[in-house]
Every structure is written in C-alpha cells, then in structure tokens.
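Student: I have a new model open in my viewer. Could you show me how to read it, one feature at a time?

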Amino acid sequence: MPRLRFFIYLLIAVSTLGCSHRWDNLSVKPVEAGKKEVVLKDLRGKVLLLDFWATWCGPCRRLAPDVEKLNETYAKDGLVVLAITDEAPYLVEGYKTTFPHNIPYYTDEEQNAFRAFDVTGVPTLILIGKNGDLIARCDGYPIPADFVEKLENALK
C-alpha cells in the first residue's frame with residue numbers, strides 16, 4: 001500500500017509540471033541564404049507539418065507534390081510546412097533545380113530532429129498540433145486519408 005501511495009503522489013507531481021516536449025528546443029537551418037533558423041517551440045500556436053525527406057529518395061519525390069498541395073491548401077488556415085533533410089544544403093540546391101517545389105527546405109545535418117521524432121526512414125510526415133503535441137505520423141507514401149482528416153481537425 002505505501003508503494004501505491006508513493007506512485008500516486010509521483011503521478012500527481014509529474015502531471016503538475018509544465019508541459020514540455022523533447023522537440024521544443026529543436027532547430028533546423030534553412031537551405032536558402034538569408035532565411036532564419038527555425039526553433040520549433042517558436043511556432044507554438046500553429047499546426048506544423050514536418051516532412052522528413054532525402055534528395056535520393058524516390059518515394060520522397062512522389063510525395064513532394066502532395067505536401068506542396070497541403071501547404072497551398074492549408075497555409076491560410078495556419079499550417080506551417082517544413083521539409084527537413086539531413087543532407088548538406090548544396091545537395092538540396094541541386095535537387096531544387098531538377099525538382100522545383102514551393103516548400104521551404106531545411107537541413108538537420110546533425111540529425112537532432114530525426115532522432116527526436118524517431119525518424120529512421122524517409123519519407124516521414126510528422127503532424128504537430130498548436131499546443132506542441134504530436135497528432136499524427138505517416139511513414140512512407142502515399143499520405144493516408146485519415147492523416148489529412150487529422151490535419152484538418154487540428155486546424156479548427
């Protein structure tokens with residue numbers, strides 16, 4: 001019984017702590033010169049769609065137009081899309097000339113964001129709500145309908 005009481009007190013204590021996520025202090029660097037580094041916690045209050053991808057990835061190339069369409073459709077409602085790769089900026093610049101898309105590209109060469117979201121393969125989409133909570137995840141291609149439904153609900 002004393003163990004149970006201790007466990008209950010511990011749960012209460014933990015639940016009263018401020019809500020923090022392991023990705024709050026993550027930052028990603030823009031590929032484009034002159035753009036500002038993005039810290040995820042600075043985007044609280046917005047719905048985030050993180051698109052983890054690579055220049056060499058065929059499914060990522062097929063997914064990119066779908067992500068671009070989501071960006072075009074929902075940006076006015078508060079969606080922020082970040083396309084994140086662990087590759088060097090010069091590789092992304094070369095990719096952009098061959099496969100132009102209107103999506104903001106960011107690099108995470110140290111793979112901090114990849115590790116924080118347990119991304120072990122690409123493409124992977126991560127949907128984060130306005131309060132910073134993980135809402136949905138999509139590993140691979142195509143984007144399932146329920147993922148888009150969760151995105152729409154998060155924007156309400």
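Tutor: Let's start with strand pairing: two strands pair if DSSP finds at least two bridges between them. Helices (H or I, at least four residues) and strands (E, at least two) are DSSP runs, numbered from the N terminus. In this predicted model, local features need pLDDT of at least 70 and side-chain atom pairs count only at pLDDT 80 or more, while totals for chains, interfaces and linings use all residues. Residues are numbered from 1 along each chain as its sequence is written, and side-chain values use heavy atoms, with hydrogens and water left out.

Student: Which residue in β5 is the bridge partner of Pro-30?

Tutor: That is Tyr-106. Strand β1 (residues 27-30) and strand β5 (residues 105-107) pair in the antiparallel sense, over 2 bridges.

Student: What is the order of the strands in the open sheet?

Tutor: The 7 strands run β2-β1-β5-β4-β3-β6-β7, and the pairing is mixed. At the edges are β2 (38-39) and β7, each of which pairs on one side only. β7 pairs with β6 in the antiparallel sense over 5 bridges, and in that pairing Leu-125 has Cys-138 of β7 as its bridge partner. The hairpin of β6 and β7 has 5 residues between the strands, and there Gly-132 takes a positive phi near 95°.

Student: How many helices and strands does the protein have?

Tutor: There are 5 helices and 7 strands. Along the sequence, they follow the pattern α-β-β-β-α-β-α-β-α-β-β-α.

Student: Which residues of helix α5 are buried?

Tutor: Buried means under 20% relative accessible area, exposed over 50%, and partly exposed in between (1.4 Å probe, protein chains only). In α5 (residues 145-155), the buried residues are Phe-147, Leu-151, Ala-154 and Leu-155. They sit on the same side of α5 because they cover an arc of only 100° around the axis, where the arc is that of the directions from the helix axis to the C-beta atoms.

Student: What covers the buried residues of α5?

Tutor: The cover includes β3 (47-52), α2 (58-74), β4 (79-85), β6 (124-128) and β7 (134-139). Contact here means heavy atoms within 4.5 Å. Leu-151, for instance, touches Val-47, Leu-70, Tyr-74, Leu-79 and Leu-127, not counting residues up to four places away in sequence.

Student: Which residues touch the most other members of the largest nonpolar core?

Tutor: In general, nonpolar side chains tend to be buried together in soluble globular proteins. A nonpolar core is a set of buried Ala, Val, Leu, Ile, Met, Phe, Trp, Tyr and Cys residues joined through side-chain atoms within 4.5 Å. Here the largest has 28 residues, and Leu-49, Leu-79, Leu-125, Phe-147 and Leu-151 touch the most other members. The largest share of this core, 6 residues, comes from α2. Another core, of 20 residues, lies apart from it, with Leu-43, Phe-52, Ile-84 and Ala-116 among them.

Student: Asn-71 is polar by name, so I'd like to check it too. Is Asn-71 buried or exposed?

Tutor: Asn-71, in helix α2, counts as buried because its relative accessible area is 14%. Asn-71 touches Leu-79, Val-81 and Asn-102, leaving aside residues up to four places away in sequence.

Student: What share of the residues of the protein count as buried?

Tutor: Of the 156 residues, 42% do. As for contacts with a separation of 6 or more, 63% are between residues 24 or more positions apart.
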